[in-house]
Amino acid sequence: MSRNKSYWFGVTIYFLVSCHPFINTFASPTQSLCRNDQRDALLELKEELSIHSRNSAPVPTISWNKRVDCCSWKGVKCNAISGEVISLKLGDPSTFNSSWKSSSGLFKLQNLLHLDLSSLGLQGEIPSSIGNLSHLTYLDLSFNQLVGEVPASIGNLNQLGYMDLSDNNLKGNIPTSFANLSKLSELHLRENQFTGGDIVLANLTSLSIIVLSFNYFKSAISADLSGLHNLERFWVYNNSFFGPFPSFLLTIPSLVDIDLSENQFEGPIDFGNTSSSSKLTELDLSHNNFGGRVPSSISKLVNLANLDLSHNNLGGQVPSYISKLRNLLSLDLSHNNFGGRVPSSISKLVNLSSLDLSYNKLEGQVPQCIWRSSKLNSVDLSYNSFSSFGIILEPTKDQLVRDWDLSSNSLQGPIPQWICNFRYFSFLDFSNNHLNGSIPQCLKNSTDFNMLNLRNNSLSGFMPDLCIDGSQLRSLDVSLNNFVGKLPKSLINCEWMEFLNVRGNKIKDTFPFWLGSLQYLKVLVLRSNTFYGPVYKPSAYLGFPSLRIMDISNNNFVGSLPQDYFVNWTEMSLVWRRPMLTLGYKPHLTIPGSSYMGDGSNKHQDSIDLVYKGVDTDFVLIFQAFKAIDFSGNRFSGYIPESIGLLSELRLLNLSGNTFTGNIPPSLANISKLETLDLSRNNLSGEIPRGLGKLSFLSNINFSHNHLEGLVPRSTQFGTQTCSSFMGNPGLYGLEEICRESHHVPVPTTSQQHEESLSETKEPVLNWIAAAIAFGPGVFCGLVIGHIFTSYKHEWFIISR
């Protein structure tokens, strides 16, 4: 190596060694980005939350500690240069319940841009100190338990672009200081208790989304919002807004979605100077008091995809000019006063997938456009006066209509054979019409069937084999027809069956023990046919693991029931708990599932007739927790099984009109939820068990026409019955008060019933079933049910009136 080269090599080595600390600084990440004051504020916040945590420490702050740079803590983001905390996201459902202090360490993080405290269980009022966070651009306090009014200081957050205060208990007016939020583009206030303050929104010219739904606003929308040129969505559903339709909304060219449903708007729908260039795709005016006719100017809203005008007082004919809305996917005009025939021009709505014209006064043929549409998959024409199906001139194979509801019309004649062209049914309801003839055999080819309801027609012949391998049929109702023969054993192939009702036909068969293998069957109704023979065979295991309602009344069943007959009816003793569903827009949150029997989507629900409190009653919805047994009107004999007392969740028990003998089982006193008990018209003897007087929910009792004797229990439940409930038992005494002509005992108050329920003690049914008395968790449910059943409206089911 030359002397010159050696010189420069040495200089280079010296430079590298001398500059090593600086090179290391630039080549590696900052060792400690977090500022001490920011770290201390976060640790102070952690301490506040930990005090109120339901667990040992709240998540995600459990991982926060001084050994790790606070800018890497879960839920924390910092400015890469200054080390200041700029984003904080602590959302985690039900981790703690904490009141929000105005001196919270949170408010020391004054450079925050993004703050998400949703779903934390925060309680109390929003501190006015929130106004100190003046750099915030994003604020989410939704799904907490905040109360009181929104502080005026929130107007200091004039950099906010997004604010969500929904799902709390906030009240009062929207503060006038909101007018300062000039950069706000999204405002979510739904599910609170706000009562007014819409006027300030007119100044928020950057708003693109306004959500005020599920509050208590009670005023006209008087503020002219036409200046909100960026507004895209305006949702105020489920409030008490009144007055005329706010036509100025349609002058906002940027609007794509308007929802005014479930308010008290009234008068004609006036679209004003609607522009044909409107971008509006969603318009929901349902559940209001709009009247008159649908204005012709609606035809200018050519981009509409979903139009809902249901539950109003609109009348006249279904307007033909709706056919100009060529992009319409869903049309709902139900629950109005539309009459006449459905215009054929509706067939021009070639993209329509859902049509609901139910609960009107429409007549004539079912509109032909329904049978011709290639995209329509849901049709509801129920509760009209359609008289015929019409004729299909050129049947098209593989039509897409999946959900048909033509119930409660005046349809006559047989079910047309061309219905078989529609191979992909999911739901078919032709109930409450005047149809005759037989069920088309081709319906068995639709393996997608979920519900088939042909109730209350004049159909006859044999029930076809509707269930083949792979059938999805969940609900089958052919009650109140004239079917004969036997129950088709192919029903065993409907492994998903939950609801089967063949009431009121002429079916002659033995008891279908084989149905007991259906794992999901909840409701079985064989009432008022000519079934015969025993309902117990030593060689046949009586399954029905999910059965909740069994009505086999008014048949020719005979024989006695063994004492352990009800031991395996486990579903009747289980407390029902509502399933939880995940919220799509909040994946970490869940909401209660349906309370009523039907499909999981809540779109189609089962209904049933039951003798309830001595009256044949139509329950259009069946509460999931309602459990009933009706064996009345047969020829059962022997003792009533003691194991009936295991069915602790039973609400209705009717064994009347048989030839049962022996004593009333004392184990009935263990059915703490029992509401109606009918043992009349049997050969029962002995005394009425004292324990029945403690059944706090028992409101209807009938022991008439037996051979009972002794003192009638003295309790509120017995004292409120009529004399007819005990007649035909000469040996009974203590009926003077009950049978006094002017007798009236006040119905117990809810609090009294609750006290009785709390003081109620449970006794074992038999020694060999002591382990079965493990149903204590149902007590709380029972208290709630007691309140419901002493109220005007029953929650167990909704009665069709």
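Mentor: Among contacts in the protein chain between residues at least 6 apart in sequence, 56% join residues at least 24 apart, a contact being heavy atoms within 4.5 Å. This is a predicted model, in which local features need pLDDT of at least 70 and side-chain atom pairs count only at pLDDT 80 or more, while totals for chains, interfaces and linings use all residues. Residues are numbered from 1 along each chain as its sequence is written, and side-chain values use heavy atoms, with hydrogens and water left out.

The protein chain has eight helices and 54 strands, which are DSSP runs numbered from the N terminus, helices being H or I of at least four residues and strands E of at least two. Of its 801 residues, 54% are buried, where buried means under 20% relative accessible area, exposed over 50%, and partly exposed in between, with a 1.4 Å probe and protein chains only.

Turning to the rings, there are 30 aromatic pairs; rings of Phe, Tyr and Trp (its six-membered ring) pair if their centres lie within 6.5 Å, and planes under 30 degrees apart count as stacked, over 60 as edge-to-face and the rest as tilted. The rings of Phe245 and Phe290 have centres 6.2 Å apart and planes at 70°, so this pair is edge-to-face. Because Phe245 sits in the loop between strand S14 (242-243) and strand S15 (257-259), whereas Phe290 belongs to strand S18 (residues 289-292), the pair ties together parts that are 45 residues apart in sequence. Phe245 and Phe290 are both buried.

In the pair formed by Trp496 and Tyr520, the ring centres are 5.3 Å apart and the planes lie at 15°, so the pair is stacked. Trp496 is found in the loop between strand S34 (482-485) and strand S35 (499-501), and Tyr520 in the loop between strand S36 (506-507) and S37, so this pair ties together parts that are 24 residues apart in sequence. Trp496 is partly exposed, with a relative accessible area of 39%, and Tyr520 also counts as partly exposed, at 39% relative accessibility.

Ring pairs also link a cluster whose members include Phe511, Phe513, Phe531, Tyr536 and Trp569.

Tyr383 is placed in the loop between strand S25 (378-380) and strand S26 (385-388), and is partly exposed, with a relative accessible area of 38%.
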